[in-house]
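Subject: Structure for you to look at

Dear colleague,

Please find below the structure I promised to pass on, together with its sequence.

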Amino acid sequence: MSKYQLTVYTRPFCLDCQKLKRDLSQKEIPYKLIEVNSSEEEEQMVNVTGSKIVPALIFMKKGLLKKKTIFIGYEANQIEINKYLQS
């Protein structure tokens, strides 16, 4: 995952979010966590992802071209997300 920086938006009682965080911890994947607990954090998430759904994962390519790849939901996108985590 050295090609990407990962930011994850979650909510405290989201089961999909808990599974994602557990999987990232087991794989020792570094990430920036933003817990959506306020309307300001939710607004920030919507501005970045275009959605209120969590978990939201933002893979930011390192280097000069700061290209973003966004995934909304973990379970439904797990295969694609794992490809990014392995690169």
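The radius of gyration used here is taken over C-alpha atoms, and the rule for a globule is 2.2 Å times the number of residues to the power 0.38. For 87 residues, that rule puts a compact globule near 12 Å, and because the chain has 12 Å, the two agree. The C-alpha trace spans about 30 × 30 × 20 Å along its principal axes.

Before the details, please keep in mind that this is a predicted model, in which local features need pLDDT of at least 70 and side-chain atom pairs count only at pLDDT 80 or more, whereas totals for chains, interfaces and linings use all residues. Residues are numbered from 1 along each chain as its sequence is written, and side-chain values use heavy atoms, with hydrogens and water left out.

The chain has three helices and four strands, which from the N terminus on follow the order β-α-β-α-β-β-α; helices (H or I, at least four residues) and strands (E, at least two) are DSSP runs, numbered from the N terminus. Two strands are said to pair if DSSP finds at least two bridges between them. Strands S1 and S3 run antiparallel and are joined by six bridges, with Phe59 in S3 as the bridge partner of Leu6. S3 (residues 56-61) is also paired with S4, again in the antiparallel sense, over five bridges; here Phe59 stands opposite Thr69, and Ile58 has Ile70 as its bridge partner. Strand S4 (residues 68-72) has a covered face made up of Thr69 and Phe71, while Lys68, Ile70 and Ile72 form the uncovered one.

As for the interior, buried residues (under 20% relative accessible area, with exposed meaning over 50% and partly exposed in between, for a 1.4 Å probe and protein chains only) make up 39% of the 87 residues. A nonpolar core is a set of buried Ala, Val, Leu, Ile, Met, Phe, Trp, Tyr and Cys residues joined through side-chain atoms within 4.5 Å. The largest one has 13 residues, of which Leu6, Leu24, Leu57, Phe59, Ile81 and Leu85 touch the most other members. Two or more residues each come to this core from strand S1 (4-10), helix H1 (15-26), S3 and helix H3 (78-86). Another core, of nine residues, lies apart from it and includes Tyr9, Cys14, Ile34 and Met45.

Leu24 lies in helix H1 and counts as buried because its relative accessibility is 2%. Not counting residues up to four places away in sequence, Leu24 touches Leu6, Val8, Ile29, Tyr31 and Leu85, where contact means heavy atoms within 4.5 Å. Thr49, in turn, has its place in helix H2 (residues 39-49), and with a relative accessible area of 15% Thr49 is buried as well. Leaving aside neighbours within four places in sequence, Thr49 is in contact with Ala56, Ile58, Ile70 and Ile72, and a polar atom of the Thr49 side chain lies 3.1 Å from the backbone oxygen of Ser51.

Finally, of the contacts in the chain with a separation of 6 or more, 56% are accounted for by residues 24 or more positions apart.

With best wishes

Conventions: Polar contact = N/O pair within 3.5 Å; in protein donor to acceptor, adjacent residues only side chain to side chain.
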